[in-house]
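Subject: Structure for you, with notes

Dear colleague,

I am passing on the structure below, followed by my notes on what was found in it. Please read the notes with the model open beside you.

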Amino acid sequence: MELDVIFEKLLLACILGGLIGYEREARHKSAGLRTNILVCLGSCLVMMISVDIGDGSGVDSARIAAQVVSGIGFLGAGAIMKEGLSVTGLTTAACLWVVAGVGLAVGLGFYPGAVMTTGFVALVLRVFGRFDSWMVKEDIFAVAVVAENTPGVIRSVTDLLAAQDYSLHGIRIHMRESETARRSEPVLEMEVEVGSKHPIDRGEIMEMIRGIDGVIKAEALN
């Protein structure tokens, strides 16, 4: 492969990855300008190596490039964070995956697909991102509850939240040994996530949960 062609492909990969990365950087995301440029640049290089190795050698060049698709999953997983019962960073991880695809397309010489994909990504992130403020979003509230291992205490907590017209998004329950010597029996630990189209009065809900018979303590997770 000629040096000028190599330079053009790497330069284009930097530009396209930078266009997507600039939007991520402007929104203060974990994978910003440099990360997206490097992902696109590295993917482009791997694809060029694959094509160069495969030319006339009988080697399946697609096998090398395919490792980018699977390998980018490890980088994307680092952008996904769990906050309480909510998961964030999925869009950032998806961007890294798409940027890797753009880099592969540039390395292969499929310039129209790489450019158009970059344009569509920018459209989705910039234009459709504004719809978030127009859509009616739920106020999400997650609470950690420690309660005695007695019949009906879980039902009491969920019934209380349902009575306030909250939608139950998820609940996780497990048992652990009590941290105090006065309690010999295991206690229940619950993580409950509810949502409402109206603002949730967290202080009021916390007081109501703490007032349930059998509840030892309750703490807000967000």
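Helices and strands here are DSSP runs, helices being H or I over at least four residues and strands being E over at least two, and both are numbered from the N terminus. The model is a predicted one, in which local features need pLDDT of at least 70 and side-chain atom pairs count only at pLDDT 80 or more, whereas totals for chains, interfaces and linings use all residues. Residues are numbered from 1 along each chain as its sequence is written, and side-chain values use heavy atoms, with hydrogens and water left out.

Of the 222 residues, 32% are buried, where buried means under 20% relative accessible area, exposed means over 50% and partly exposed lies in between, with a 1.4 Å probe and protein chains only. The accessible surface, computed by the Shrake-Rupley method with a 1.4 Å probe, comes to about 13300 Å², and 61% of that surface belongs to carbon and sulfur atoms. If contact is taken as heavy atoms within 4.5 Å, then 70% of the contacts with a separation of 6 or more are accounted for by residues 24 or more positions apart.

Four strands form an open sheet in the order 4-5-3-6 with antiparallel pairing, two strands being paired if DSSP finds at least two bridges between them. Its edges are strand 4 (167-176) and strand 6 (215-220), each of which pairs on one side only. On average, and with direction ignored, neighbouring strands of this sheet are turned by 20° against each other. Strand 3 (residues 139-148) and strand 5 (residues 187-196) run antiparallel and are joined by 10 bridges, and within this pairing Val 146 has Glu 189 of strand 5 as its bridge partner. Strand 3 is also joined to strand 6, again antiparallel, by 5 bridges, with Glu 219 of strand 6 as the bridge partner of Ala 144.

Ser 167, which lies in strand 4, counts as partly exposed because its relative accessibility is 28%. The C-alpha atoms of Ser 167 and Val 194 are 5.4 Å apart in space, although the two residues are 27 apart in sequence.

Two helices lie across the sheet strands. For the angles, axes are lines fitted to C-alpha atoms, for helices over the stretch in contact, and angles run from 0 to 180 degrees between N-to-C directions. Helix 7 (residues 153-163) lies across strand 3, strand 4, strand 5 and strand 6, at about 15° to strand 5, while helix 8 (residues 202-210) lies across strand 3 and strand 6, at about 20° to strand 3.

Finally, there is the packing around helix 4. Helix 1 (residues 3-26) packs against helix 4 (residues 90-108) at about 165°, with the axes 9 Å apart, and the two are therefore roughly antiparallel, a term that applies to angles over 145 degrees. Residues in contact there include Leu 12 and Leu 16 of helix 1 and Cys 95 and Val 99 of helix 4. Helix 4 and helix 5 (residues 111-126) have axes that come within 8 Å and cross at roughly 160°, which makes this pair roughly antiparallel as well. Among the residues making that contact are Cys 95 and Val 102 of helix 4 and Ala 114 and Val 121 of helix 5.

Note on methods: Angles under 35 degrees count as roughly parallel, over 145 as roughly antiparallel, 65 to 115 as roughly perpendicular and the rest as oblique.
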